[in-house]
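This report covers helix packing, the nonpolar core and aromatic pairs.

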Amino acid sequence: MATAQSLSFVRAPVSKCLCVTTAVCSLTNAALKGKVLLLTTDILQGQLWRLVTHNFLVTGHHNLLFVLVVLYTFRLLERRWGSRKFAAAVGVISCLSMVLQVAAEAVLKTPMVPGLGIVFGLGWHFFTRVPAYRPWKMLFVPVSDKLYTYLLLGQLMFFSSADRSSMVAAACGVAAGVLHGLFFRNMVFPETLAQRVQRWSVAMFGAEPSVIRMRTSRPSTGRADVADAGAPAVGGGGGGG
């Protein structure tokens, strides 16, 4: 049975920061009428800050809701890996997906849908690393609680834009996740920076240091992860484990 602790951001400070940052950037972008979106022409004029904001904003309130639910579900990855390894994964995937999206935008001559790089990069690891929990059958087809997450990712991939840019952005995110898994999977967040993030998290969220402590990665015990995965109707998806 899922506990209040397993449904919260306990032992998942990076996931919490991701959700807060995404919400703030997205609402700010909406208030400014899209002035912080990624545009190659603006980047060439020296507005490099767009390379950062593009990964942490989502257009459309329904898309923002879907992304926040998916990022909330990815706290299971952080609990399995440890916060320092998860933070490094977010940074690497963010950089790789941004390079791929800038290249795709230059080739296709169309702006990429923002906010999908990190989501689909982590989504790849969620598919391959997080085991299915509570498998069941729907029309005789075996599925699991992960189905809900996959449905949200499918919505973001195919219906976030009227053209193919959302599919291209999602593909760039998946490619970034694969590259991270192949070449950077053992990278961890530096200890000195982790301590600074810890102090910043305490100041921002008022959490106890023992709760938001940036943990080093350690092997999963299996049973604890199954207990954490018991968040009902938030993470979902067939099979993938």
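## Aromatic pairs

Rings of Phe, Tyr and Trp (its six-membered ring) pair if their centres lie within 6.5 Å; planes under 30 degrees apart count as stacked, over 60 as edge-to-face and the rest as tilted. The count by this rule is 5 aromatic pairs. Phe-126 and Tyr-150 form an edge-to-face pair, at 6.3 Å centre to centre and 75° between the planes. Phe-126 lies in helix H7 and Tyr-150 in helix H8, 24 residues apart. Helices are DSSP runs (H or I, at least four residues), numbered from the N terminus. Ring pairs join Phe-74, Trp-124, Phe-126, Phe-127 and Tyr-150 into a cluster.

Both Phe-126 and Tyr-150 are buried, meaning under 20% relative accessible area (1.4 Å probe, protein chains only).

## Basis

This is a predicted model: local features need pLDDT of at least 70, side-chain atom pairs count only at pLDDT 80 or more, and totals for chains, interfaces and linings use all residues. Residues are numbered from 1 along each chain as its sequence is written, and side-chain values use heavy atoms, with hydrogens and water left out.

## Helix H1

H1 (residues 13-31) has 19 residues. Its buried residues include Pro-13, Val-14, Ser-15 and Leu-18. These four meet Ser-83, Phe-86, Ala-87 and Val-90 in H6; contact means heavy atoms within 4.5 Å. The contact residues divide into 6 nonpolar, 2 polar and no charged.

Lys-33 follows H1 with a positive phi, near 60°.

## Contacts of Val-119

Val-119 touches Val-67, Val-70, Leu-71, Phe-74, Leu-153 and Leu-156, leaving out residues up to four places away in sequence.

Technical notes: Helices (H or I, at least four residues) and strands (E, at least two) are DSSP runs, numbered from the N terminus. Ala, Val, Leu, Ile, Met, Phe, Trp, Tyr, Cys and Pro count as nonpolar, Asp, Glu, Lys and Arg as charged, and the others, Gly among them, as polar. The expected span of a helix is 1.5 Å times one less than its number of residues. Buried means under 20% relative accessible area, exposed over 50%, partly exposed in between (1.4 Å probe, protein chains only).
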